[in-house]
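Have the viewer open and follow the points in order.

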2 protein chains.
Amino acid sequence: MESNNQSISELRKDLVSGDWVVMAKTRAKRPEKSMKCPFCFPAIKEQKIISQTEDIIVIGNKFPAFRPQSDLNKHEYGPFEVMNGAGFHEVIILKEHSPQLYETNLFALIETYQKQYLSLMNRKFVDYISVFHNHGKLAGASIEHPHSQLIASPVIDPDIHRSLDGSENYFQKHQQCVHCVMVDWERKEKIRVLYENSDFIVFVPFVSRVAYEIRIFPKEHKPYFERINDSEKNNLADALQQSLKKLYFVLGDPAYNFFLHTAPCDGKTYEHYHWHFEILPKTSVWAG
Amino acid sequence: MESNNQSISELRKDLVSGDWVVMAKTRAKRPEKSMKCPFCFPAIKEQKIISQTEDIIVIGNKFPAFRPQSDLNKHEYGPFEVMNGAGFHEVIILKEHSPQLYETNLFALIETYQKQYLSLMNRKFVDYISVFHNHGKLAGASIEHPHSQLIASPVIDPDIHRSLDGSENYFQKHQQCVHCVMVDWERKEKIRVLYENSDFIVFVPFVSRVAYEIRIFPKEHKPYFERINDSEKNNLADALQQSLKKLYFVLGDPAYNFFLHTAPCDGKTYEHYHWHFEILPKTSVWAG
C-alpha cells in the first residue's frame, strides 16, 4: 500500500464544458528513448505482471494517468470541483515484437481487452473503461513494440460522453439507434465500405474528423463490447486486421490511434448505444 | 464568377454530435515544401491581395476550406444533411518575415483581425468567424512566415459551440458569466497568472486541455471581440506578445496554435459569453 493514497493525478471538472479533465503530473517524465525495448524479454520481466497468456502480457503502466486510491477525495477548490485520479492504467503487450499490429494475433489481443475489461468493470470508482492503441510517434506511441492501453476510471471520457449524448438524443427523437442508421445506409450504399464479414462492417464514415478515419461496427445493435462471444471475437480480429492492413498498404504505414467506444460500466443502462472501434490515422495536421 | 458555384468543400452534419464538419477535398494538395517563401516579396505579389497596410497583407487562401458561393444548396443525402462550404478563407500575413510572431507588430495584426472581421460579419451565409494562428510544423503551419487565418462560414465551429453552450448553461444556473468567475478567481489566487495589464489578464487555466495552455481574457465582461477599441487593442497586443514571449523562452520555441473564441455573428445575442484567446502549445502528444 506504499503509495495507494498518493495522488499522482487529479481530475478537475471544466466549468464551461462540464468535462472531467485528467491533470497527470508525472506522465511527462516517461522516457522518450530507450536503447533496448522495455516490452521485450528480458526487460519486461522486471515489470509487475498483472496477467499473461501465450501471446500477451498485461502490466501496470509505469507512468499511470490513474492509479488505485482508497478515497476519491472529491472536494471544491475555488469555483472548481476536484477529485483524485482513482483507477487502473494497464498496458496490454503482444509478446511478439512485430512492427505491425496486423501481423500479430489479434484474437488474443481482443480476448485480453475483454478479460481485463470484465476484471475491472465492477471495481470501486470504475465508471468507464477506455481501451486504445497508439501506433507511431506522431500518434503518441513512445515505444515501438505493439501495445494497447486500458484505463478504468471514475469519469467518462469527454469524447465518449458526447457520443453517448448524441446517440441518446437521436434515439429520443427518432426511436432508432443513430449508429444502426449509419450502418444500414453504408451497407446499402456500399461506396465507403472497406470490409465486411458475418458480424462486422468496416467503413470510412460519411462525416469524419480526420482523413481516412475508419470505423468498425457490429452489424447487430449491441451496446456492450464486453459481452462479445468467441465467434464475434474471431470476426472482430479479422475486421481489425483487414482495416490495419488497408491502412498500412494504402497510406504507407501511417501513425494511428484506435479507440473502443462502448457503453459505460456505471450501473446505468445504455440500450441506445452501439459499441464500435474508431481508427484515426495521422495523415496530416490541420494547416494553412 | 468563374468558380463561385463550384463546391470544393462540403459541410456535412454529424448525426451523433450534431456538429457540422468541413470535408475539404482539395486542401490535401497544398504544398508541403517550397524553395522560396511564398509570403515574402516578390512571390506574395502574385497573389490576389484583399487588403494591405504598412505591416500586413491579406490574401485569399490558395487552398480554401470555404469559398464564396451563390447558394448553400442545403440538402439531404441518405440520413445526412449536407451543404456547400460557402464562406471566406483569408490569410493575414505580416510583411516582416520574422521567425517569431512576438517580435512583430502585434497591434497591426489585431487591428487587421478586427477590420477583416467587421468587413465579413454581415455577409450572406456568414454566421461565425474563426481567427487562428499556427506556428511550427507540429501545429500545422506549412509555411514558416508568420501568418494568421480567418474563416467566415455559415456554421459555428464545434469547439466554440460547446464553449457557448457551456457558458449559457452556467449563466442560467448561476446568473454569472463562467469566464468572469474564472478570471476573478485567478486574479485573487495569483498562482497561475502570467501577465496582467489594465484591460487584459493572461493565465494558465486550472483545468486545461494541454500542458502550458494559456488564455487571454479581457478583465471586463465583453462578449464581442469585434467591438475592441484602440486602447484595448494596444493592451491586447501587449498581452499577446508577453504570452508568446513566455512560451518561447520557457518551452524553447514550441509549435503552437492560438484561436480567438468570440460570440457568433449570426444575429442572435450572446450576452452570457466572454471573448478570449486560447493558446495551445504542442509540447507532447497523448502517449503511453
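In which strand of chain A does A:His147 lie? The answer is in point 2, after a word on the model.

1. **Ground rules.** This is a predicted model, in which local features need pLDDT of at least 70, side-chain atom pairs count only at pLDDT 80 or more, and totals for chains, interfaces and linings use all residues. Residues are numbered from 1 along each chain as its sequence is written, chains are lettered from A and ligands numbered from 1 in the order in which they are written, and side-chain values use heavy atoms, with hydrogens and water left out.

2. **The annotated histidine.** A:His147 lies in strand S9 of chain A, residues 147-153. Helices (H or I, at least four residues) and strands (E, at least two) are DSSP runs, numbered from the N terminus. An unreviewed UniProt entry gives A:His147 the annotation "active site". Please keep in mind that UniProt annotations may be inferred rather than shown by experiment; their positions are in the numbering used here, and feature names are shortened. A:His147 has 3% relative accessibility and so counts as buried (buried is under 20% relative accessible area, exposed over 50%, partly exposed in between, with a 1.4 Å probe and protein chains only).

3. **The annotated domain.** The unreviewed UniProt entry also places "domain: Galactose-1-phosphate uridyl transferase C-terminal" at residues 167-278 of chain A. That span is 38% helix and 21% strand, and its end C-alpha atoms lie 16 Å apart.

4. **Two crossing helices.** In chain A, helix H2 (residues 158-174) packs against helix H3 (residues 178-189) at about 85 degrees, with axes 8 Å apart. Axes are lines fitted to C-alpha atoms, for helices over the stretch in contact, and angles run from 0 to 180 degrees between N-to-C directions. H2(A) is therefore roughly perpendicular to H3(A), a label for angles of 65 to 115 degrees; under 35 is roughly parallel, over 145 roughly antiparallel and the rest oblique. A:Ser163, A:Ser167 and A:Tyr170 of H2(A) make the contact with A:Val178, A:His179 and A:Val181 of H3(A), where contact means heavy atoms within 4.5 Å.

5. **How the copies relate.** Chain B superposes on chain A by a rotation of 180 degrees with 0.0 Å of shift along the axis, at RMSD 0.0 Å. The two copies are thus related as by a two-fold rotation axis. In chain B, B:Leu138 has the C-alpha nearest that axis, 4.7 Å from it. The superposition is by least squares on the C-alpha atoms of residues with pLDDT of at least 70 in both copies. Since 100% of the interface residues of chain B are also interface residues in chain A, the copies meet through the same surface.

6. **Cysteines.** There are 0 disulfides over all chains, a disulfide being a pair of cysteine sulfur atoms within 2.5 Å. For A:Cys265, the nearest cysteine sulfur is that of A:Cys177, 20 Å away. A:Cys265 is buried, at 11% relative accessibility. In chain B, the sulfur of B:Cys40 is 3.8 Å from that of B:Cys37, its closest, which is too far for a bond.

7. **Backbone details to check.** The peptide bond from A:Phe41 to A:Pro42 is cis, with omega near 0 degrees, and A:Pro42 sits in the loop between strands S2 (20-24) and S3 (49-52) of chain A. B:Gln175, in the loop between H2 and H3 of chain B, has phi near 50 degrees, a positive value in a residue other than glycine. B:Gln175 counts as exposed, at 56% relative accessibility.
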